[in-house]
Amino acid sequence: MTSTETQVSRSGDPTDADWWRQAVVYQIYPRSFADSNGDGVGDLPGIISRVPYLTSLGIDAVWLSPFYPSALADGGYDVDDYRDVDPRLGTLSDFDDLVAALHGAGIKLIVDIVPNHTSNLHTWFQEALAAGPGSAARDRYIFRDGAGPDGSEPPSDWDSVFGGSAWAQTPDGQWYLHLFAAEQPDLNWDNSEVRDDFLTTLRFWSDRGVDGFRVDVAHALVKDLTEPLPSKTVLPRQSESLGAHPLWDREGVHEIYREWRKVLNSYDPPRSAVAEAFVPAARRARYASADGLGQAFNFDLLQADWDFGKFRQVIEENLALAEENGSSSTWVFSNHDVVRHATRYGLPRDPEGLWQDGKAWLLSNGTEPTVDVEQGLRRARAAVLLMLALPGSAYLYQGEELGLQEVGELPAASLQDPAYFRSKGAEKGRDGCRVPLPWTIGGLSFGFGSGGSHLLQPTWFGGYSVEAQESDPTSTLTLYRKALAVRRGLQTNAGLEWIDGVEWSLHFTRPGGWQSVTNFGAAPIELPEGAVVLSSAPLDGDKLPTDTTAWLI
Ligand code: NOJ
(Lines give C-alpha, C1' and ligand atoms only; values in the text may rest on other atoms or scores of the structure.)
Protein backbone atom coordinates (compact mmCIF):
# COMPACT_ATOMS: atom_id res chain seq x y z
CA MET A 1 0.00 0.00 0.00
CA THR A 2 1.28 3.49 -0.73
CA SER A 3 1.39 6.19 1.91
CA THR A 4 -1.15 8.32 0.04
CA GLU A 5 -3.95 5.74 0.39
CA THR A 6 -6.32 6.29 3.25
CA GLN A 7 -6.40 3.63 5.89
CA VAL A 8 -9.31 4.34 8.14
CA SER A 9 -9.91 1.79 10.84
CA ARG A 10 -13.50 1.07 11.76
CA SER A 11 -12.82 2.60 15.13
CA GLY A 12 -11.90 5.70 13.13
CA ASP A 13 -8.31 5.59 14.31
CA PRO A 14 -5.80 3.90 12.01
CA THR A 15 -3.05 4.43 14.55
CA ASP A 16 -4.83 2.51 17.30
CA ALA A 17 -2.29 0.03 18.69
CA ASP A 18 -4.96 -1.81 20.67
CA TRP A 19 -7.47 -2.48 17.89
CA TRP A 20 -7.11 -6.27 18.30
CA ARG A 21 -8.17 -6.37 21.93
CA GLN A 22 -11.91 -6.25 21.27
CA ALA A 23 -11.93 -7.02 17.56
CA VAL A 24 -14.29 -9.29 15.68
CA VAL A 25 -11.99 -11.22 13.36
CA TYR A 26 -13.40 -13.15 10.41
CA GLN A 27 -11.33 -16.10 9.18
CA ILE A 28 -11.13 -16.57 5.42
CA TYR A 29 -9.95 -19.90 4.11
CA PRO A 30 -8.99 -18.42 0.74
CA ARG A 31 -9.41 -21.45 -1.50
CA SER A 32 -13.04 -21.76 -0.41
CA PHE A 33 -14.28 -18.19 -0.14
CA ALA A 34 -14.80 -16.73 -3.63
CA ASP A 35 -13.37 -17.75 -7.00
CA SER A 36 -12.81 -14.91 -9.49
CA ASN A 37 -11.50 -16.89 -12.47
CA GLY A 38 -13.70 -19.97 -12.57
CA ASP A 39 -10.97 -22.53 -11.85
CA GLY A 40 -12.89 -23.92 -8.88
CA VAL A 41 -10.41 -22.51 -6.35
CA GLY A 42 -11.02 -19.33 -4.37
CA ASP A 43 -8.49 -16.53 -4.84
CA LEU A 44 -7.44 -13.06 -3.71
CA PRO A 45 -9.38 -11.13 -6.39
CA GLY A 46 -12.40 -13.17 -5.28
CA ILE A 47 -11.96 -11.87 -1.74
CA ILE A 48 -11.56 -8.31 -3.03
CA SER A 49 -14.88 -8.65 -4.88
CA ARG A 50 -16.54 -9.58 -1.57
CA VAL A 51 -15.20 -6.71 0.53
CA PRO A 52 -18.66 -5.04 0.40
CA TYR A 53 -20.06 -8.23 1.95
CA LEU A 54 -17.45 -8.12 4.72
CA THR A 55 -18.34 -4.47 5.31
CA SER A 56 -22.03 -5.32 5.51
CA LEU A 57 -21.23 -8.00 8.08
CA GLY A 58 -19.52 -5.44 10.31
CA ILE A 59 -16.28 -7.25 11.16
CA ASP A 60 -13.13 -5.47 12.31
CA ALA A 61 -10.50 -7.70 10.76
CA VAL A 62 -9.90 -10.59 8.39
CA TRP A 63 -7.59 -13.47 9.28
CA LEU A 64 -6.40 -14.95 6.02
CA SER A 65 -5.35 -18.61 6.16
CA PRO A 66 -2.25 -19.49 4.08
CA PHE A 67 -2.28 -18.15 0.52
CA TYR A 68 1.37 -18.94 -0.17
CA PRO A 69 2.64 -21.23 -2.94
CA SER A 70 1.85 -24.76 -1.81
CA ALA A 71 1.26 -28.21 -3.23
CA LEU A 72 -1.66 -28.41 -0.75
CA ALA A 73 -0.58 -31.51 1.11
CA ASP A 74 -2.20 -29.80 4.11
CA GLY A 75 -4.53 -27.14 2.75
CA GLY A 76 -1.74 -24.58 2.34
CA TYR A 77 -0.14 -25.18 5.77
CA ASP A 78 2.66 -26.77 3.75
CA VAL A 79 4.35 -23.60 2.54
CA ASP A 80 6.77 -23.65 -0.42
CA ASP A 81 7.67 -19.97 -0.21
CA TYR A 82 6.75 -17.69 2.69
CA ARG A 83 7.13 -14.48 0.74
CA ASP A 84 4.96 -15.03 -2.30
CA VAL A 85 1.37 -15.75 -3.36
CA ASP A 86 0.26 -19.08 -4.83
CA PRO A 87 -0.26 -18.39 -8.56
CA ARG A 88 -3.66 -20.10 -8.38
CA LEU A 89 -4.69 -17.49 -5.81
CA GLY A 90 -3.17 -14.41 -7.42
CA THR A 91 -0.03 -12.33 -7.31
CA LEU A 92 1.76 -10.07 -4.85
CA SER A 93 0.12 -7.19 -6.61
CA ASP A 94 -3.31 -8.76 -5.92
CA PHE A 95 -2.24 -9.05 -2.31
CA ASP A 96 -1.42 -5.33 -2.21
CA ASP A 97 -4.82 -4.62 -3.76
CA LEU A 98 -6.48 -6.75 -1.09
CA VAL A 99 -4.72 -4.84 1.70
CA ALA A 100 -5.80 -1.56 0.12
CA ALA A 101 -9.40 -2.73 -0.39
CA LEU A 102 -9.72 -3.97 3.20
CA HIS A 103 -8.04 -0.94 4.71
CA GLY A 104 -10.19 1.31 2.54
CA ALA A 105 -13.20 -0.38 4.12
CA GLY A 106 -11.77 0.03 7.61
CA ILE A 107 -10.96 -3.67 7.98
CA LYS A 108 -7.59 -4.91 9.29
CA LEU A 109 -5.75 -7.90 7.88
CA ILE A 110 -4.04 -10.69 9.83
CA VAL A 111 -2.08 -13.30 7.89
CA ASP A 112 -1.18 -16.83 8.90
CA ILE A 113 2.47 -17.65 9.48
CA VAL A 114 3.60 -21.27 9.65
CA PRO A 115 6.95 -21.48 11.47
CA ASN A 116 7.07 -25.07 12.74
CA HIS A 117 7.50 -26.66 9.32
CA THR A 118 8.00 -25.76 5.69
CA SER A 119 6.68 -27.89 2.85
CA ASN A 120 8.87 -30.59 1.36
CA LEU A 121 8.98 -28.49 -1.82
CA HIS A 122 10.51 -25.48 -0.08
CA THR A 123 13.97 -24.67 -1.54
CA TRP A 124 15.56 -25.35 1.83
CA PHE A 125 14.20 -28.86 2.03
CA GLN A 126 15.14 -29.61 -1.55
CA GLU A 127 18.65 -28.37 -0.77
CA ALA A 128 18.74 -30.53 2.35
CA LEU A 129 17.81 -33.64 0.39
CA ALA A 130 20.44 -32.92 -2.25
CA ALA A 131 23.21 -31.94 0.17
CA GLY A 132 23.15 -35.17 2.16
CA PRO A 133 23.84 -36.16 5.77
CA GLY A 134 25.86 -33.81 7.97
CA SER A 135 25.43 -30.82 5.65
CA ALA A 136 24.56 -27.28 6.70
CA ALA A 137 21.42 -27.57 4.55
CA ARG A 138 20.22 -30.54 6.63
CA ASP A 139 20.81 -28.61 9.84
CA ARG A 140 17.86 -26.33 9.01
CA TYR A 141 15.64 -29.38 9.60
CA ILE A 142 15.67 -32.30 12.02
CA PHE A 143 17.47 -35.18 10.36
CA ARG A 144 18.60 -38.29 12.24
CA ASP A 145 20.05 -41.67 11.41
CA GLY A 146 17.60 -44.52 11.78
CA ALA A 147 17.46 -47.03 14.61
CA GLY A 148 18.15 -50.75 14.34
CA PRO A 149 21.34 -52.43 13.11
CA ASP A 150 20.95 -51.09 9.56
CA GLY A 151 19.18 -47.83 10.42
CA SER A 152 16.00 -48.99 8.74
CA GLU A 153 13.81 -48.19 11.75
CA PRO A 154 12.62 -44.63 12.53
CA PRO A 155 14.75 -42.87 15.18
CA SER A 156 11.83 -43.06 17.65
CA ASP A 157 8.32 -44.48 17.83
CA TRP A 158 6.66 -41.04 17.88
CA ASP A 159 3.37 -40.60 16.03
CA SER A 160 2.58 -37.61 13.83
CA VAL A 161 -0.50 -35.54 14.69
CA PHE A 162 -2.20 -36.76 11.51
CA GLY A 163 -1.44 -40.42 12.24
CA GLY A 164 1.43 -42.74 11.30
CA SER A 165 5.09 -42.24 12.21
CA ALA A 166 6.45 -38.72 12.82
CA TRP A 167 9.58 -39.71 10.85
CA ALA A 168 10.01 -40.24 7.12
CA GLN A 169 13.03 -41.77 5.42
CA THR A 170 14.98 -40.10 2.62
CA PRO A 171 16.48 -42.06 -0.29
CA ASP A 172 19.95 -41.91 1.32
CA GLY A 173 18.62 -43.64 4.42
CA GLN A 174 18.42 -40.72 6.89
CA TRP A 175 15.12 -39.80 8.52
CA TYR A 176 13.51 -36.40 9.10
CA LEU A 177 10.98 -35.36 11.71
CA HIS A 178 7.50 -34.21 10.68
CA LEU A 179 5.02 -33.65 13.50
CA PHE A 180 2.29 -33.27 10.85
CA ALA A 181 2.26 -34.72 7.31
CA ALA A 182 5.41 -36.13 5.70
CA GLU A 183 5.23 -33.18 3.28
CA GLN A 184 5.69 -30.84 6.29
CA PRO A 185 9.27 -31.35 7.56
CA ASP A 186 9.86 -29.68 10.94
CA LEU A 187 12.36 -26.85 11.02
CA ASN A 188 15.30 -26.77 13.43
CA TRP A 189 14.81 -23.60 15.45
CA ASP A 190 18.28 -23.94 16.97
CA ASN A 191 19.54 -22.90 13.55
CA SER A 192 20.14 -19.14 13.36
CA GLU A 193 19.39 -18.99 9.65
CA VAL A 194 15.90 -20.31 10.36
CA ARG A 195 15.37 -17.69 13.06
CA ASP A 196 16.62 -14.86 10.87
CA ASP A 197 14.56 -15.89 7.89
CA PHE A 198 11.27 -15.73 9.80
CA LEU A 199 12.15 -12.23 10.99
CA THR A 200 12.59 -11.33 7.33
CA THR A 201 9.17 -12.83 6.58
CA LEU A 202 7.52 -10.85 9.39
CA ARG A 203 9.05 -7.68 7.99
CA PHE A 204 8.10 -8.58 4.42
CA TRP A 205 4.36 -8.76 5.17
CA SER A 206 4.41 -5.96 7.74
CA ASP A 207 6.02 -3.71 5.12
CA ARG A 208 3.17 -4.62 2.76
CA GLY A 209 0.70 -3.35 5.32
CA VAL A 210 -0.60 -6.38 7.20
CA ASP A 211 -1.83 -5.55 10.67
CA GLY A 212 -1.04 -8.81 12.42
CA PHE A 213 -0.11 -12.48 12.32
CA ARG A 214 -1.77 -15.72 13.39
CA VAL A 215 1.02 -18.08 14.43
CA ASP A 216 0.46 -21.72 13.50
CA VAL A 217 1.31 -24.36 16.15
CA ALA A 218 3.14 -21.67 18.09
CA HIS A 219 3.98 -24.11 20.89
CA ALA A 220 5.96 -26.63 18.81
CA LEU A 221 9.00 -24.77 17.52
CA VAL A 222 11.53 -25.63 20.24
CA LYS A 223 12.26 -29.31 20.90
CA ASP A 224 14.51 -31.31 23.16
CA LEU A 225 15.98 -34.01 20.94
CA THR A 226 18.68 -35.19 23.31
CA GLU A 227 19.63 -38.79 22.56
CA PRO A 228 18.41 -41.36 23.32
CA LEU A 229 14.99 -40.17 22.18
CA PRO A 230 12.38 -41.31 24.70
CA SER A 231 9.70 -43.76 23.64
CA LYS A 232 6.18 -42.40 23.27
CA THR A 233 5.18 -44.72 26.10
CA VAL A 234 7.08 -42.57 28.61
CA LEU A 235 6.24 -39.15 27.19
CA PRO A 236 4.11 -37.00 29.52
CA ARG A 237 0.60 -36.19 28.33
CA GLN A 238 0.81 -32.96 26.37
CA SER A 239 -1.94 -31.36 28.43
CA GLU A 240 -0.16 -32.15 31.70
CA SER A 241 3.47 -31.73 30.72
CA LEU A 242 3.79 -28.08 31.85
CA GLY A 243 6.87 -27.45 29.78
CA ALA A 244 8.44 -30.87 30.33
CA HIS A 245 7.41 -32.46 27.02
CA PRO A 246 10.29 -32.80 24.51
CA LEU A 247 8.14 -31.63 21.59
CA TRP A 248 5.46 -29.23 22.81
CA ASP A 249 5.23 -26.03 24.85
CA ARG A 250 8.88 -25.74 25.87
CA GLU A 251 10.04 -22.56 27.62
CA GLY A 252 12.64 -21.85 24.94
CA VAL A 253 9.94 -20.97 22.44
CA HIS A 254 9.30 -17.66 24.20
CA GLU A 255 12.79 -16.44 23.46
CA ILE A 256 11.81 -16.66 19.78
CA TYR A 257 8.62 -14.69 20.30
CA ARG A 258 10.46 -12.02 22.28
CA GLU A 259 12.61 -11.50 19.16
CA TRP A 260 9.48 -11.41 17.01
CA ARG A 261 7.86 -8.88 19.31
CA LYS A 262 10.79 -6.50 18.82
CA VAL A 263 10.23 -6.65 15.06
CA LEU A 264 6.45 -6.29 15.40
CA ASN A 265 6.87 -3.33 17.73
CA SER A 266 9.20 -1.59 15.30
CA TYR A 267 6.08 -0.78 13.23
CA ASP A 268 3.64 2.00 13.93
CA PRO A 269 1.19 0.88 15.09
CA PRO A 270 2.83 -2.34 16.32
CA ARG A 271 1.73 -5.44 14.44
CA SER A 272 -0.45 -7.78 16.48
CA ALA A 273 0.02 -11.53 16.83
CA VAL A 274 -2.14 -14.36 18.10
CA ALA A 275 -0.74 -17.76 19.01
CA GLU A 276 -2.36 -21.01 18.08
CA ALA A 277 -1.04 -22.93 21.06
CA PHE A 278 -2.79 -26.02 22.36
CA VAL A 279 -1.58 -25.65 25.93
CA PRO A 280 -3.39 -25.80 29.26
CA ALA A 281 -5.12 -22.51 30.16
CA ALA A 282 -2.58 -21.73 32.86
CA ARG A 283 0.30 -21.83 30.32
CA ARG A 284 -1.46 -19.69 27.74
CA ALA A 285 -0.36 -16.43 29.38
CA ARG A 286 3.22 -17.14 28.36
CA TYR A 287 2.23 -16.85 24.69
CA ALA A 288 -0.04 -13.87 25.25
CA SER A 289 2.44 -11.75 27.19
CA ALA A 290 3.18 -8.19 26.08
CA ASP A 291 6.82 -9.06 25.30
CA GLY A 292 5.68 -12.15 23.38
CA LEU A 293 2.95 -12.59 20.81
CA GLY A 294 0.43 -10.56 22.83
CA GLN A 295 -2.62 -12.77 22.40
CA ALA A 296 -3.35 -16.52 22.29
CA PHE A 297 -6.30 -18.53 21.10
CA ASN A 298 -8.48 -20.07 23.75
CA PHE A 299 -10.25 -23.12 22.40
CA ASP A 300 -11.99 -23.89 25.68
CA LEU A 301 -15.49 -22.81 24.62
CA LEU A 302 -15.04 -24.65 21.33
CA GLN A 303 -14.30 -27.81 23.28
CA ALA A 304 -17.00 -27.33 25.93
CA ASP A 305 -20.25 -29.21 25.97
CA TRP A 306 -23.42 -27.10 25.74
CA ASP A 307 -23.57 -26.69 29.50
CA PHE A 308 -24.05 -23.49 31.47
CA GLY A 309 -21.72 -24.54 34.28
CA LYS A 310 -18.91 -25.43 31.91
CA PHE A 311 -19.37 -22.24 29.88
CA ARG A 312 -19.26 -20.11 33.00
CA GLN A 313 -16.13 -21.82 34.31
CA VAL A 314 -14.35 -21.34 30.96
CA ILE A 315 -15.36 -17.68 30.71
CA GLU A 316 -14.31 -16.85 34.27
CA GLU A 317 -11.00 -18.63 33.95
CA ASN A 318 -10.06 -17.02 30.66
CA LEU A 319 -11.07 -13.51 31.64
CA ALA A 320 -8.99 -13.82 34.79
CA LEU A 321 -5.98 -15.11 32.86
CA ALA A 322 -6.20 -12.38 30.23
CA GLU A 323 -6.37 -9.74 32.94
CA GLU A 324 -3.36 -11.19 34.74
CA ASN A 325 -1.06 -10.77 31.76
CA GLY A 326 -2.56 -7.59 30.34
CA SER A 327 -3.84 -9.30 27.20
CA SER A 328 -7.44 -9.71 26.10
CA SER A 329 -9.26 -12.98 25.86
CA THR A 330 -10.12 -14.67 22.58
CA TRP A 331 -13.28 -16.63 21.85
CA VAL A 332 -13.92 -19.04 19.02
CA PHE A 333 -16.45 -21.74 18.16
CA SER A 334 -15.39 -22.72 14.66
CA ASN A 335 -12.39 -22.67 12.38
CA HIS A 336 -10.99 -24.64 9.45
CA ASP A 337 -9.87 -27.49 11.74
CA VAL A 338 -13.08 -28.44 13.52
CA VAL A 339 -16.54 -29.70 12.72
CA ARG A 340 -18.72 -26.61 12.26
CA HIS A 341 -20.38 -25.70 15.55
CA ALA A 342 -23.90 -25.60 14.07
CA THR A 343 -23.33 -29.33 13.51
CA ARG A 344 -21.46 -30.07 16.74
CA TYR A 345 -24.33 -28.69 18.78
CA GLY A 346 -26.67 -31.02 16.95
CA LEU A 347 -24.67 -34.12 17.87
CA PRO A 348 -25.73 -36.35 20.74
CA ARG A 349 -24.24 -35.08 23.99
CA ASP A 350 -20.49 -35.63 24.18
CA PRO A 351 -20.21 -38.54 21.76
CA GLU A 352 -17.37 -40.66 23.08
CA GLY A 353 -15.62 -37.69 24.65
CA LEU A 354 -15.14 -36.32 21.15
CA TRP A 355 -15.08 -32.70 22.24
CA GLN A 356 -13.07 -33.07 25.40
CA ASP A 357 -10.12 -34.78 23.80
CA GLY A 358 -9.67 -31.89 21.43
CA LYS A 359 -10.42 -33.94 18.36
CA ALA A 360 -13.73 -32.41 17.45
CA TRP A 361 -12.30 -32.17 13.94
CA LEU A 362 -12.06 -35.90 13.53
CA LEU A 363 -15.50 -37.35 13.16
CA SER A 364 -14.82 -41.01 12.54
CA ASN A 365 -15.41 -42.03 9.01
CA GLY A 366 -18.64 -43.94 8.50
CA THR A 367 -19.74 -43.83 12.13
CA GLU A 368 -21.13 -40.32 12.35
CA PRO A 369 -23.94 -39.92 14.83
CA THR A 370 -27.19 -38.45 13.54
CA VAL A 371 -27.18 -34.67 13.56
CA ASP A 372 -30.17 -32.74 14.93
CA VAL A 373 -29.81 -29.83 12.50
CA GLU A 374 -32.50 -27.69 14.11
CA GLN A 375 -31.03 -28.00 17.60
CA GLY A 376 -27.53 -27.43 16.25
CA LEU A 377 -28.43 -24.17 14.56
CA ARG A 378 -30.54 -22.96 17.47
CA ARG A 379 -27.67 -23.50 19.92
CA ALA A 380 -25.11 -22.06 17.50
CA ARG A 381 -27.15 -18.85 17.26
CA ALA A 382 -27.51 -18.67 21.04
CA ALA A 383 -23.79 -19.36 21.49
CA VAL A 384 -22.65 -16.62 19.15
CA LEU A 385 -24.76 -13.94 20.82
CA LEU A 386 -23.30 -15.00 24.16
CA MET A 387 -19.77 -14.90 22.74
CA LEU A 388 -20.20 -11.51 21.11
CA ALA A 389 -21.32 -10.02 24.43
CA LEU A 390 -18.11 -11.10 26.18
CA PRO A 391 -15.09 -8.86 26.72
CA GLY A 392 -12.25 -9.77 24.36
CA SER A 393 -11.93 -10.57 20.69
CA ALA A 394 -14.22 -12.94 18.83
CA TYR A 395 -12.95 -15.07 15.95
CA LEU A 396 -15.57 -16.10 13.39
CA TYR A 397 -15.05 -18.68 10.65
CA GLN A 398 -16.37 -18.05 7.14
CA GLY A 399 -19.84 -19.52 6.69
CA GLU A 400 -20.80 -19.59 10.36
CA GLU A 401 -22.69 -16.35 9.76
CA LEU A 402 -24.86 -18.42 7.41
CA GLY A 403 -25.45 -21.09 10.05
CA LEU A 404 -23.68 -23.46 7.67
CA GLN A 405 -23.58 -27.13 8.61
CA GLU A 406 -20.61 -29.45 8.20
CA VAL A 407 -20.72 -31.30 4.88
CA GLY A 408 -20.65 -34.92 5.97
CA GLU A 409 -21.35 -36.45 2.60
CA LEU A 410 -18.21 -35.58 0.64
CA PRO A 411 -17.28 -38.46 -1.67
CA ALA A 412 -14.18 -40.28 -0.43
CA ALA A 413 -12.42 -39.70 -3.75
CA SER A 414 -12.66 -35.93 -3.31
CA LEU A 415 -11.22 -35.73 0.22
CA GLN A 416 -8.04 -33.66 0.57
CA ASP A 417 -7.15 -33.71 4.26
CA PRO A 418 -3.90 -35.52 5.16
CA ALA A 419 -5.63 -36.68 8.35
CA TYR A 420 -7.88 -38.81 6.13
CA PHE A 421 -4.98 -40.31 4.20
CA ARG A 422 -2.61 -40.81 7.12
CA SER A 423 -5.31 -42.53 9.17
CA LYS A 424 -5.89 -44.76 6.14
CA GLY A 425 -9.45 -43.52 5.91
CA ALA A 426 -10.35 -44.23 9.54
CA GLU A 427 -10.80 -40.50 10.16
CA LYS A 428 -12.76 -38.32 7.82
CA GLY A 429 -10.70 -35.19 8.45
CA ARG A 430 -11.53 -31.53 8.05
CA ASP A 431 -12.75 -31.11 4.48
CA GLY A 432 -16.38 -30.95 5.59
CA CYS A 433 -15.91 -27.47 7.07
CA ARG A 434 -13.86 -26.26 4.09
CA VAL A 435 -16.42 -26.64 1.32
CA PRO A 436 -16.65 -23.41 -0.75
CA LEU A 437 -19.26 -20.93 0.46
CA PRO A 438 -22.70 -20.69 -1.17
CA TRP A 439 -23.37 -17.12 -2.28
CA THR A 440 -26.46 -17.72 -4.43
CA ILE A 441 -29.50 -20.00 -4.15
CA GLY A 442 -28.68 -21.81 -7.40
CA GLY A 443 -26.25 -21.80 -10.28
CA LEU A 444 -23.01 -23.57 -10.81
CA SER A 445 -21.12 -23.68 -7.50
CA PHE A 446 -23.81 -21.53 -5.84
CA GLY A 447 -22.13 -18.29 -6.86
CA PHE A 448 -18.72 -19.32 -5.49
CA GLY A 449 -17.34 -18.85 -9.00
CA SER A 450 -18.17 -19.35 -12.64
CA GLY A 451 -16.59 -22.82 -12.67
CA GLY A 452 -16.95 -25.73 -10.29
CA SER A 453 -15.86 -26.05 -6.72
CA HIS A 454 -12.73 -27.87 -5.53
CA LEU A 455 -14.80 -29.63 -2.86
CA LEU A 456 -18.26 -30.72 -3.93
CA GLN A 457 -21.06 -28.54 -2.53
CA PRO A 458 -24.18 -30.48 -1.52
CA THR A 459 -27.57 -29.61 -3.06
CA TRP A 460 -28.82 -28.23 0.27
CA PHE A 461 -26.14 -25.52 0.25
CA GLY A 462 -28.32 -23.08 -1.73
CA GLY A 463 -30.76 -22.81 1.16
CA TYR A 464 -27.92 -21.48 3.35
CA SER A 465 -26.65 -19.04 0.73
CA VAL A 466 -26.14 -15.34 1.27
CA GLU A 467 -28.81 -14.69 -1.36
CA ALA A 468 -31.33 -16.85 0.50
CA GLN A 469 -30.68 -15.02 3.78
CA GLU A 470 -29.94 -11.49 2.65
CA SER A 471 -33.37 -9.97 3.13
CA ASP A 472 -34.83 -12.45 5.62
CA PRO A 473 -35.13 -10.67 8.99
CA THR A 474 -34.99 -14.00 10.82
CA SER A 475 -31.94 -15.43 9.03
CA THR A 476 -28.67 -16.24 10.73
CA LEU A 477 -26.90 -13.75 8.46
CA THR A 478 -29.26 -11.00 9.65
CA LEU A 479 -28.66 -12.05 13.26
CA TYR A 480 -24.87 -11.75 12.83
CA ARG A 481 -25.16 -8.37 11.10
CA LYS A 482 -27.42 -6.98 13.80
CA ALA A 483 -25.33 -8.44 16.60
CA LEU A 484 -22.10 -6.97 15.23
CA ALA A 485 -23.74 -3.58 14.78
CA VAL A 486 -25.10 -3.55 18.35
CA ARG A 487 -21.77 -4.81 19.72
CA ARG A 488 -19.90 -2.05 17.91
CA GLY A 489 -21.86 0.55 19.80
CA LEU A 490 -21.48 -1.14 23.18
CA GLN A 491 -18.21 -3.07 23.38
CA THR A 492 -15.56 -1.73 25.77
CA ASN A 493 -12.43 -3.05 27.47
CA ALA A 494 -14.33 -3.43 30.73
CA GLY A 495 -15.14 -6.80 32.25
CA LEU A 496 -18.53 -8.33 32.99
CA GLU A 497 -20.64 -8.82 36.07
CA TRP A 498 -22.52 -12.03 36.61
CA ILE A 499 -26.10 -11.92 37.77
CA ASP A 500 -27.04 -15.08 39.55
CA GLY A 501 -30.60 -16.14 39.86
CA VAL A 502 -32.16 -18.40 37.31
CA GLU A 503 -30.76 -21.92 37.17
CA TRP A 504 -29.59 -23.31 33.82
CA SER A 505 -28.90 -19.83 32.54
CA LEU A 506 -25.95 -17.45 32.16
CA HIS A 507 -26.74 -13.81 32.74
CA PHE A 508 -24.21 -10.98 32.84
CA THR A 509 -24.03 -7.25 32.38
CA ARG A 510 -21.54 -5.01 30.64
CA PRO A 511 -21.12 -1.25 30.78
CA GLY A 512 -23.88 0.80 29.15
CA GLY A 513 -26.58 -1.37 30.70
CA TRP A 514 -25.89 -4.14 28.17
CA GLN A 515 -27.19 -7.49 29.43
CA SER A 516 -26.83 -10.92 27.89
CA VAL A 517 -28.86 -13.86 29.12
CA THR A 518 -28.73 -17.41 27.75
CA ASN A 519 -31.14 -20.18 28.63
CA PHE A 520 -29.35 -23.56 28.52
CA GLY A 521 -32.26 -25.33 30.24
CA ALA A 522 -35.21 -27.25 28.86
CA ALA A 523 -37.95 -24.87 30.04
CA PRO A 524 -38.51 -21.17 29.25
CA ILE A 525 -37.26 -18.70 31.89
CA GLU A 526 -38.26 -15.20 32.97
CA LEU A 527 -36.51 -12.41 31.11
CA PRO A 528 -34.70 -9.87 33.27
CA GLU A 529 -35.86 -6.25 33.39
CA GLY A 530 -34.92 -4.23 30.33
CA ALA A 531 -35.68 -3.77 26.67
CA VAL A 532 -34.77 -6.70 24.43
CA VAL A 533 -32.60 -5.45 21.57
CA LEU A 534 -31.85 -8.81 19.99
CA SER A 535 -32.60 -12.46 20.54
CA SER A 536 -31.23 -15.56 18.85
CA ALA A 537 -34.74 -17.07 18.53
CA PRO A 538 -38.26 -15.65 18.89
CA LEU A 539 -39.27 -15.05 22.50
CA ASP A 540 -42.00 -17.09 24.11
CA GLY A 541 -44.27 -14.21 25.15
CA ASP A 542 -42.25 -12.50 27.86
CA LYS A 543 -40.12 -15.59 28.45
CA LEU A 544 -36.75 -16.70 27.10
CA PRO A 545 -37.13 -20.12 25.46
CA THR A 546 -34.68 -22.98 25.68
CA ASP A 547 -31.34 -22.67 23.85
CA THR A 548 -31.81 -18.95 23.30
CA THR A 549 -29.78 -15.83 24.10
CA ALA A 550 -31.27 -12.37 24.41
CA TRP A 551 -29.52 -9.01 24.69
CA LEU A 552 -31.26 -6.32 26.69
CA ILE A 553 -30.46 -2.74 27.50
C1 NOJ B 1 -2.81 -25.90 12.65
C2 NOJ B 1 -3.62 -25.50 11.46
O3 NOJ B 1 -4.75 -24.78 11.89
C4 NOJ B 1 -3.97 -26.78 10.74
O5 NOJ B 1 -4.89 -26.56 9.71
C6 NOJ B 1 -2.71 -27.40 10.22
O7 NOJ B 1 -3.02 -28.65 9.65
C8 NOJ B 1 -1.68 -27.62 11.33
N9 NOJ B 1 -1.58 -26.49 12.20
C10 NOJ B 1 -0.33 -27.89 10.75
O11 NOJ B 1 0.18 -26.73 10.14
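Buried, on this tour, means under 20% relative accessible area, with exposed over 50% and partly exposed in between (1.4 Å probe, protein chains only). Strands (E, at least two residues) and helices (H or I, at least four) are DSSP runs, numbered from the N terminus. The model is predicted: local features need pLDDT of at least 70, side-chain atom pairs count only at pLDDT 80 or more, and totals for chains, interfaces and linings use all residues. Residues are numbered from 1 along each chain as its sequence is written, and side-chain values use heavy atoms, with hydrogens and water left out.

**Stop one: strand β11**

Please select residues 393-397, which form β11. Since 5 of the 5 residues are buried, the strand is largely enclosed by the rest of the structure. In a regular strand the side chains alternate between the two faces of the sheet. Here, Ser393, Tyr395 and Tyr397 are buried on one side, and Ala394 and Leu396 are buried on the other.

Two strands pair if DSSP finds at least two bridges between them. Look for Gln27, which stands opposite Tyr397.

**Stop three: the largest cavity**

A cavity is a set of points, on a 1 Å grid over the protein atoms alone, where a 1.4 Å probe fits but cannot get out; its lining residues have an atom within 4 Å of a point. Grid points are joined across faces, edges and corners, and a volume is the space filled by probe spheres set on the points. The structure holds 3 cavities of 30 Å³ or more.

The largest has a volume of about 120 Å³. Select Arg284, Ala288, Ala296, Leu321 and Ala322, the closest to its centre of the 14 lining residues. Helix α7 (281-287), strand β9 (294-296) and helix α8 (308-324) each give two or more residues to this lining, and α8 provides the largest share, 3 residues.

**Stop four: the second largest cavity**

This one has a volume of about 60 Å³. Its lining includes Ser334, Arg340, His341, Glu400 and Tyr480. Color α9 (341-344), α10 (373-388) and α13 (476-490), the elements that give two or more residues to the lining. The largest share, 3 residues, comes from α10.

Note on methods. On a 1 Å grid over the protein atoms alone, a cavity is a set of points where a 1.4 Å probe fits but cannot get out, and a pocket is an open set with protein on both sides within 12 Å along at least five of seven lines; lining residues have an atom within 4 Å of a point.
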